Amino acid sequence: MKFLCLHGKGTSGAIFKSQTAALRSRLSELNIEWDFVDGFYKSDPAAGVDLFYAPPYYAWYENDTVDEIVACRNKLQEYIRTHGPYDAVMTFSQGAAVASTFALLQQSEDPSAPLPFKAAIFICAGSPLRIMEQVGYEIAPQVWEKDLLTRQALAAQADASAILLQGSSRWNAGAASSRESEEDIRREITPSDVRIPVPSVHVYGARDPRYSAGIQLSQTCDPAKRRMYDHGGGHEIPRTEAVTSSIAALVRWVLRAGGVL
């Protein structure tokens, strides 16, 4: 069994491997081959990452434009042709936007062609709003402003000074009580006929400033084949025993649902 693993912006394949060590240890009996790929561009570190991990750092694309996102998709397509196919894709943050973009564009261009993975795991996902709009999703005007504001909030709450001064309590500014409901976020985006057809798991944190992005991305997936899980924290991959065990159980579910197990 083989997983394609796509990291967040300003990190790397090696960092994503470290961040998922606890989760992967709970899936060891599945004998998964984990392919942790580096993004295509050198990058500054994501906020706070350089406190814990040495360079190099990478991003999948440098600017959030349709041209750069599509160019990234084409490079990833070539990588998958060489190293795939895969049984599943596991992603974090920008990596989730990259994987969902890949799937949406393929479905838009050739719905009959099978994706090169049978299941998807999106953790603290970024939302590919520009690609979603391109393939027919109707996105309310306020979503674009929210996207910018939540990116700014994440940069502030995740930077080195916030980590050193506040530790995990830095995420309290994004407490669940101040959040829009999942239903309200879904109402801001009208789904398209272009959907990601494989079973999917969506892990998000109620205290993540980018909480809404994970819900937005889930709109691109079949509601009958998706499962949502709130890990309760911020923009991170939690390593507590209870949360890690719950995510591992969801990974097993999505693999069964995708016909991999």
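Student: Where is Pro56 found?

Tutor: Pro56 sits in the loop between β3 (41–42) and β4 (58–59); helices (H or I, at least four residues) and strands (E, at least two) are DSSP runs, numbered from the N terminus. Keep in mind that this is a predicted model, where local features need pLDDT of at least 70, side-chain atom pairs count only at pLDDT 80 or more, and totals for chains, interfaces and linings use all residues. Residues are numbered from 1 along each chain as its sequence is written, and side-chain values use heavy atoms, with hydrogens and water left out.

Student: Is the peptide bond from Pro55 to Pro56 cis or trans?

Tutor: As a general idea, most residues other than glycine have a negative phi, and most peptide bonds are trans. The bond from Pro55 to Pro56 is cis, with omega near 10°. A further cis bond runs from Gly84 to Pro85, with omega near 0°, and Pro85 lies in the loop between α3 and β5 (88–92).

Student: Now for backbone angles. What is phi of Ser93?

Tutor: Phi of Ser93 is near 55°, a positive value in a residue other than glycine. Ser93 belongs to the loop between β5 and α4. Cys124 also has a positive phi, near 45°, and is placed in the loop between β6 and α5.

Student: Is Cys124 buried or exposed?

Tutor: Buried means under 20% relative accessible area, exposed over 50%, and partly exposed in between (1.4 Å probe, protein chains only). Cys124 has a relative accessible area of 2%, so Cys124 is buried. Ser93, at 15%, is buried as well.

Student: Let's move to the core. How many residues has the largest nonpolar core?

Tutor: In soluble globular proteins, nonpolar side chains tend to be buried together. A nonpolar core is a set of buried Ala, Val, Leu, Ile, Met, Phe, Trp, Tyr and Cys residues joined through side-chain atoms within 4.5 Å. Here the largest one has 39 residues, and Leu4, Leu6, Phe117 and Phe122 have the most contacts inside it. Two or more residues come from each of β1 (2–6), α3 (66–83), α4 (94–109), β6 (120–123) and α5 (129–134). With eight residues, α4 gives the largest share of this core. A second, separate core has 29 residues, including Leu27, Trp34, Ile121 and Val260.

Student: How many residues of α4 are buried?

Tutor: In α4, 14 of the 16 residues are buried, making this helix mostly covered.

Student: At what angle do the axes of α3 and α4 cross?

Tutor: Two packed helices are described by the angle between their axes and the distance between the axes. Axes are lines fitted to C-alpha atoms, for helices over the stretch in contact, and angles run from 0 to 180 degrees between N-to-C directions. The axes of α3 and α4 come within 10 Å and cross at roughly 90°. The two helices are therefore roughly perpendicular (65 to 115 degrees).

Student: Which residues is Arg73 in contact with, leaving aside its neighbours within four places in sequence?

Tutor: Contact means heavy atoms within 4.5 Å. Leaving those neighbours aside, Arg73 is in contact with Thr101, Phe102, Leu105, Gln106 and Glu109. Arg73 is part of helix α3 and is buried, with a relative accessible area of 7%.

How values were computed: Angles under 35 degrees count as roughly parallel, over 145 as roughly antiparallel, 65 to 115 as roughly perpendicular and the rest as oblique.
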